[in-house]
Amino acid sequence: MSSTLDFEITRNERPASAAERERVLADPGFGRHFTDHMVTIRYSADRGWHDARLEPYGPIPMDPASQVFHYAQELFEGLKAYKQPDGSVVTFRPYMNAARMNRSAHRMAMPEIPEQLFVDAIELLVRTDKDWVPDTEGHSLYLRPFMFATTRALGVNSPADEFLFAVIASPSGLYYPRGIKPVSVWLSQNYTRAAQGGTGEAKFGGNYAASFAGQAEAVEQGCDQVVWLDAVEHRWVEEVGSMNLMFVYGSGAQARILTPALTGTLLAGVTRDSMLKLAPDLGIPAEEGKISIEEWQSGCASGEITEVFGCGTAAIISPVGRVKGADREWTIGDGEPGEVSMRLRGELVGIQYGTRPDPYGWVHRIV
Ligand SMILES: *Cc1c(COP(=O)(O)O)cnc(C)c1O
């Protein structure tokens, strides 16, 4: 299917020079630099999606009474574009992001966007700013679609009926520039990320706003990231920071993985889903289940749990090396990333960067 809307194209007349772009791409970091263009598409209850534009990256004029400023009605997505060995550029499973954005929209009482329009917007931006897709191994162009309520009204009883969808792009360097090192994590008992019936499975910025205090507490405790536990018993493990968690049991030919099931309070990661499909094909059985902090600790003590890692688009995998809670502390493995974690990472990265075959049809070529 071709574009569901015609985009009005306004080229940036003052794009970054090749020299400036090269300087940024030499050390992009994460989320600090943006490309020359962005996409915006408006929605209103009476017109539906309309006014699709590709325009120069820049400020969006907003009315101070826009509902997003007051009631936080917004959501976002995150995916990457990867340079291939033949110079072409692909994204990874973009229709999964589109579908997830629509599930988030449903929860946030926001309009769904046609999946094809979501993908068209990404393709147009990547094609236009393709010189910003890094060549360097392990680097990528991070894509950030998002949507928010622009209705000018403070009344909470009149739901927003105007929205803006936008996509911006940011060159992204290695998540671990000094090599992958396991992180330490803090078991948060004081803060909860999500509860049943809440917004935990929506990619909603408010979940992040609500998590910063827990993350700050983790840092005060000398840890890198916070582990989110269930809201009722504070013992069932859900996520780490903004990543899904994977537990490796056993090793070698006996290795298997377990990840917390999607109970309604977890975010359904594309990386998580990809690991669950990849692992069994590599001879590593994978299941979704439930694991408590007691089981995590005793599993590490007995040697049954051999590796634990977080997974998400930004880091791909982030091994966990040490766990600390108010009344307990333990280590996982030997302080180095585990074999199973690194093998799964290598397979996924290989598919994304086109150095391994993609039997799943996950890679979506753009240009
Ligand atoms: C985005 C996100 C993830 C990871 O999802 P991916 O699609 O794999 O990037 C996990 N947890 C939370 C809370 C997230 O916001």
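User: How many salt bridges does the rule find across the interface of domain 1 and domain 2?
Analyst: This is a predicted model. The domain assignment gives domain 1 as 8-172 and domain 2 as 183-352. Across their interface, the count of salt bridges is one.

User: Arg93 forms a salt bridge with which residue?
Analyst: Arg93 sits in the loop between strand S6 (89-92) and helix H3 (94-107). Its partner is in helix H7, 180 residues apart, so the cut-off to meet is a side-chain nitrogen within 4 Å of a carboxyl oxygen. The closest N and O atoms are 2.9 Å apart, and the partner is Asp273.

User: How many salt bridges does a search of the whole structure find?
Analyst: The pair of Arg93 and Asp273 links distant parts of the chain. The search of the whole structure gives a total of 19.

User: What is the area buried between domain 1 and domain 2?
Analyst: The C-alpha centres of the two domains lie 28 Å apart. In contact are 20 residues of domain 1 and 21 residues of domain 2. Carbon and sulfur atoms give 60% of the buried area, which is about 1700 Å².

User: Which three residues supply 33% of the area that domain 1 buries against domain 2?
Analyst: No other three residues of domain 1 supply more of that area. The three are Phe76, Phe92 and Arg100.

User: How are H7 and H9 oriented to each other: roughly parallel or roughly perpendicular?
Analyst: Helix H7 spans residues 270-281 and helix H9 spans 339-352. Their axes are 11 Å apart, at an angle of about 110°. Angles of 65 to 115 degrees count as one class, so H7 and H9 are roughly perpendicular.

User: How many residues of the contact of H7 with H9 are nonpolar?
Analyst: H7 contributes Thr271, Ser274, Met275, Leu278 and Ala279. H9 contributes Leu344, Glu347, Leu348 and Ile351. Two of these residues are polar and one is charged, while the nonpolar ones number six.

Methods. Residues are numbered from 1 along each chain as its sequence is written. This is a predicted model: local features need pLDDT of at least 70, side-chain atom pairs count only at pLDDT 80 or more; totals for chains, interfaces and linings use all residues. Side-chain values use heavy atoms; hydrogens and water are left out. Axes are lines fitted to C-alpha atoms, for helices over the stretch in contact, and angles run from 0 to 180 degrees between N-to-C directions. Helices (H or I, at least four residues) and strands (E, at least two) are DSSP runs, numbered from the N terminus. Angles under 35 degrees count as roughly parallel, over 145 as roughly antiparallel, 65 to 115 as roughly perpendicular and the rest as oblique. Contact means heavy atoms within 4.5 Å. Ala, Val, Leu, Ile, Met, Phe, Trp, Tyr, Cys and Pro count as nonpolar, Asp, Glu, Lys and Arg as charged, and the others, Gly among them, as polar. Domain bounds come from an automatic or database domain assignment. Buried area is the accessible area (1.4 Å probe) that two parts lose on being put together, summed over both.
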